[in-house]
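Here is a short briefing to read alongside the structure. Take a look at the fold, and then we can walk through a few of its features together.

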Amino acid sequence: MENISELKQHLHAVTQTRQISNAMYLLSTSRIRKSMQNIDYNLTYMRKLRATMKDIVSKTKHNSLSDPFIELTEGGKALFFVITSDKGLCGGYNSAVVSLALQKMREYKETVVYSLGLKGTEMFLSRGIKPDESWYGASQRPSLYSARDLGERIVELYDDCTVSEVYIVYTEYVNSAVQRPVCKRVLPLLRRDFDDVEYENKYTAEVIYEPDLQTVFDRMVPQYVIGMGTWGIRCPCTIPRDLYDIMMQAAASENAARMTAMQNATKNADKMIAKLTEQINAVRQLVITNEITEIAAATQVQNNGV
């Protein structure tokens, strides 16, 4: 059995670790609230933007509008934009995203990999895959500037026919207990992607776009990709998901995963502290008992000698 000094050192180390894990748990909790608040700010804007895009895309059925952004090309390169974290201590958050990305990448002969997050880049490198581009810092504190820069890069690659499809792999935030890795297509924009969109203002007259439909479409698509990376379901209603929103979703999921991991670590530390305290008390009691026994034995020997 360890002596009291060793047990106290162990107890001190566990107590300090508990303080760190509990502080990270509280910090992650506050960051989740901020991320979800920023996500909600985008909803009204994205509803209007998607309604406008649906109107333009629907007109391609009756006009000579030809645009690569709405046509699916088979056999080309696929771009995978993978969002992970820059820091660890978040359970299986990063490994789940990278595993999903690798699974989807096997379906294509040629791929381009963009990695947002230090941990994802390290995992790709450990598997012999060097990302074509990588960024750090933006996953921790997403901003509209970062979303705009990344969106422009994606549109440029697609517009130059370097890639024929664009996918974003990230973790979708459902609630503080559930986060799931998803892979969503960003480009091309297919008509079925707008089936769930409802017009806010229904009208029968034909809308006139100035200077023309093609020019408006060409200018809106980059803004749409920056604003609209993908969309999905967050219970109980369907809501749009933009590129900035995706980054916020990933940040919220990262903090939720870290919050859960740190909460479990704090609980485990509490159990270890209780166990070590019990051991210290047992050792102390044993020491006291031995001392009493020795005193009693010495007294008995002295009395017998007398």
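In which sense do strand β1 and strand β4 pair, and over how many bridges? In this predicted model, β1 (residues 78-83) and β4 (residues 165-173) run parallel to each other, joined over 5 bridges. Among the residues involved, phenylalanine 80 has tyrosine 167 of β4 as its bridge partner.

**The sheet**
- The open sheet is built from 5 strands in the order β3-β2-β1-β4-β5, with mixed pairing.
- At the edges stand β3 (133-135) and β5 (179-187); each has a single partner strand, so one side of each is left without a neighbour in the sheet.
- On average, neighbouring strands are turned by 20° against each other, direction ignored.

**Helices on the sheet**
- Helix α4 (residues 118-126) lies across β1, β2 (111-116) and β3, and runs at about 140° to β2.
- Helix α5 (residues 144-159) packs on the sheet and touches β1, β2, β3, β4 and β5, its direction making about 170° with that of β3.

**Aromatic pairs**
- There are 5 aromatic pairs in the structure.
- Phenylalanine 80 and tyrosine 167 form a stacked pair, 5.4 Å centre to centre with 15° between the planes.
- Because phenylalanine 80 lies in β1 and tyrosine 167 in β4, this pair ties together parts that are 87 residues apart in sequence.
- Phenylalanine 80 is buried, at a relative accessible area of 0%, and tyrosine 167 is buried too, at 14%.
- Tyrosine 108 and tyrosine 167 make a tilted pair, with ring centres 6.1 Å apart and planes at 55°.
- Tyrosine 108 sits in the loop between α3 (93-105) and β2, 59 residues from tyrosine 167.
- Ring pairs link Phe80, Tyr108 and Tyr167 into a cluster.

Conventions. Residues numbered from 1 in each chain as written. Predicted model: local features only at pLDDT ≥ 70, side-chain atom pairs only at ≥ 80, totals over all residues. Heavy atoms only, no water. Pairing = 2+ DSSP bridges. Helix = DSSP H or I, 4+ residues; strand = E, 2+ residues; numbered from the N terminus. Axes fitted to C-alpha atoms, helices over the stretch in contact; angles between N-to-C directions. Contact = heavy atoms within 4.5 Å. Phe/Tyr/Trp six-rings, centres within 6.5 Å; stacked < 30°, edge-to-face > 60°. Buried < 20%, exposed > 50% of the residue type's maximum accessible area, 1.4 Å probe, protein only.
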